[in-house]
Amino acid sequence: MNIAELEKLGLKNVGQVFRNLSYDELIKHELDNDEVQQTNKGATAVDTGIFTGRSPKDKYFVDREPSSKYIAWGDVNKKVSSEIFEELLLVAQEQLSNKDLYVTDVFCGSSIASKRSVRFVSEIAWQSHFVKNMFIRPTEPELEIFKSDFLVLNACKAVNEKWKEHGLNSEVFILFDVEKNIAIIGGTWYGGEMKKGIFSMMNYWLPLEGKLSMHCSANVGESGDTALFFGLSGTGKTTLSTDPHRALIGDDEHGWDNYGVFNFEGGCYAKTINLDGKSEPEIYNAIRTNALLENVVMYGEGEVDYEDGTKTENTRVSYPIEHIQNHKKDLMAGHPENIIFLTADAFGVLPPVSKLTKGQAMYYFLSGYTAKVAGTERGITEPVATFSACFGEAFLPLHPTVYARLLGEKIDEHKVNVYLVNTGWTGGAYGVGKRMSIKNTRACINAILDGSIKNSEFDVTKTFRLHVPKTLGDIKPEILNPRNAWEDKELFDKTRDELAEMFINNYKKYQDGEHVNYDAHGPKVGS
């Protein structure tokens, strides 16, 4: 892309165009521009300003045919008129005019049958670095013939001063025009908006082609057995899929087409709060030259204090997947044998592992449950149940049942085993019980992946009616059935039924008669 091509996009008087710089070149620009600090391990560290996470209330899709008939409009997918989009596109174009610009060309999706070509334009070097880390980097021959399917203009320094007049949420704007294949970002510097913006678009494109897009991590064993790990933030999706004995396909976003599972990305985006080199050595050791840290606290000669959440609890690092020694080079694998739903149940009533029936798999996929605990957000003083359909509702332009239907079809076609694994609390709720040990959780995961869990005898729990193993390796039997781990059995029953009611109330939105209903496979209080 040259200056003339950028000017065709409405950008005027463009200065130098830095297209597809190498890591060394990008890092030099970042340092020369005073955008980052460098750590003693060679990674660069950036502060993303007042926005240290996504701004979901500022995300909109243009209300235009034919996409408007497919998009599930509501709190997640909000409408904006084409007139407002064009007005804010002009704001973004003016911001990016009269500037030196960074252009980054990447692929999203490692499957030739399903990938998309995406071009990012920004005036900030570290944002180009972030994109280079997170997406699939084309080869030099591929760059020479690169033609983008979708364009992102990141004008993060611009704001929408007319947001009240426009009826929008704030001066921040993240807008998508599906028909024109363009997105614009303004008012927020947070890198995750670019990553999740393209994820949202893949979640629009692929299901309409009969392909499943998924918010999950994935790895593959030496025998070629693929495993998927679904889960919301904080449930262990990245940690548990990063396994020295299994090749990592990816840690967050994947597709599932006729050829198998494939990564959308070419990098990882891991949380770093309380990161410990002993418990998570692969991620810890990935933070070196070319890695990009966000909002961490540093001291001394480039030392990082991973325990310091002063700026945010959502400290993160992006790094190319090559930083994980044991990764799948082509970022693809065959159809999965096992699917694992991860939840961090802070109420302490879900078992550490349970085998799901097909109906239960659909129910818990649509529920997408985990729990937030005190300290994770302002105002939270006790566990709060969180339900996010398909473990990624914030990124789903289509109705959640579209993704559930595709998952169900693939489970049937490929005879996939599905499990629910609780990485949360045992022996009591948060504040009384204790967090499930990584050792026990790993033992559950290993028993699933090596198939030994199938040799167990199973009990069926009350209310949630989950199939739990009576014994499993060296795990204490009383932990496997959560009621046995509580001293106060009556309090357990009360807490269990309260959580069950939360599930039931959340699931009512799928009982409108228009969609396949799996509520019969959910919890039943009193049963």
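How many of the 6 residues of strand β8 (residues 150–155) are buried? The count is 6 of 6, so to speak a strand that is mostly covered.

## The setting

Welcome to this predicted model. The protein has 15 helices and 30 strands. Its radius of gyration is 23 Å, which agrees with the value near 24 Å that a compact globule of 527 residues would have. Taken along the principal axes, the C-alpha atoms fill a box of roughly 70 × 55 × 45 Å.

Of the 527 residues, 59% count as buried. Among contacts with a separation of 6 or more, 73% come from residues 24 or more positions apart.

Let us go back to β8 and look at its side chains. F150, V152 and N154 point one way from the strand, while L151, L153 and A155 point the other way. Residues on both of these faces are buried.

Strand β7 (residues 116–122) runs parallel to β8, and 5 bridges join the two. Within β8, the residue standing opposite V121 is L153. Strand β10 (residues 182–186) also pairs with β8 in the parallel sense, over 5 bridges. Here A155 has G186 of β10 as its bridge partner.

## An open sheet and a helix

Elsewhere, 5 strands form an open sheet with mixed pairing, in the order β2-β3-β17-β20-β16. β2 (37–38) and β16 (267–271) stand at the edges; each has a single partner strand, so one side of each is left without a neighbour in the sheet. Helix α4 (residues 125–134) packs on this sheet, where it touches β3, β16, β17 (292–294) and β20 (316–320). The direction of α4 makes about 110 degrees with that of β17.

A polar atom of the N295 side chain lies 2.8 Å from the backbone nitrogen of T48.

What does N295 touch, not counting residues up to four places away in sequence? The list is V46, D47, T48, G49, T52, K311, T312 and T315.

## Salt bridges across the chain

Side chains of opposite charge can pair when their charged atoms come close. In this model the count comes to 29 salt bridges. One of them joins K79 and D63, with the closest N and O atoms 3.9 Å apart. K79 lies in strand β5 (residues 78–80) and D63 in the loop between β4 (59–62) and β5, so the pair ties together parts that are 16 residues apart in sequence. K79 is partly exposed, at a relative accessible area of 46%, and D63 is partly exposed at 37%.

E86 forms a salt bridge with K180, and their closest N and O atoms are 3.0 Å apart. Because E86 lies in helix α3 (residues 82–96) and K180 in the loop between β9 (173–177) and β10, this pair ties together parts that are 94 residues apart in sequence. E86 counts as partly exposed at 32% relative accessibility, and K180 as partly exposed at 46%.

E123 and K157 form a salt bridge whose closest N and O atoms are 3.5 Å apart. The pair links distant parts of the chain, 34 residues apart: E123 is in the loop between β7 and α4, and K157 is in the loop between β8 and α6 (163–166).

Terms used. Residues are numbered from 1 along each chain as its sequence is written. This is a predicted model: local features need pLDDT of at least 70, side-chain atom pairs count only at pLDDT 80 or more; totals for chains, interfaces and linings use all residues. Side-chain values use heavy atoms; hydrogens and water are left out. Buried means under 20% relative accessible area, exposed over 50%, partly exposed in between (1.4 Å probe, protein chains only). Helices (H or I, at least four residues) and strands (E, at least two) are DSSP runs, numbered from the N terminus. Two strands pair if DSSP finds at least two bridges between them. Contact means heavy atoms within 4.5 Å. Axes are lines fitted to C-alpha atoms, for helices over the stretch in contact, and angles run from 0 to 180 degrees between N-to-C directions. A polar contact is a pair of N or O atoms within 3.5 Å; within protein, one must be able to donate a hydrogen and the other to accept it, and residues adjacent in sequence count only if both atoms are side-chain atoms. A salt bridge is a side-chain nitrogen of Lys or Arg within 4 Å of a carboxyl oxygen of Asp or Glu. The radius of gyration is taken over C-alpha atoms; the globule rule is 2.2 Å times the number of residues to the power 0.38.
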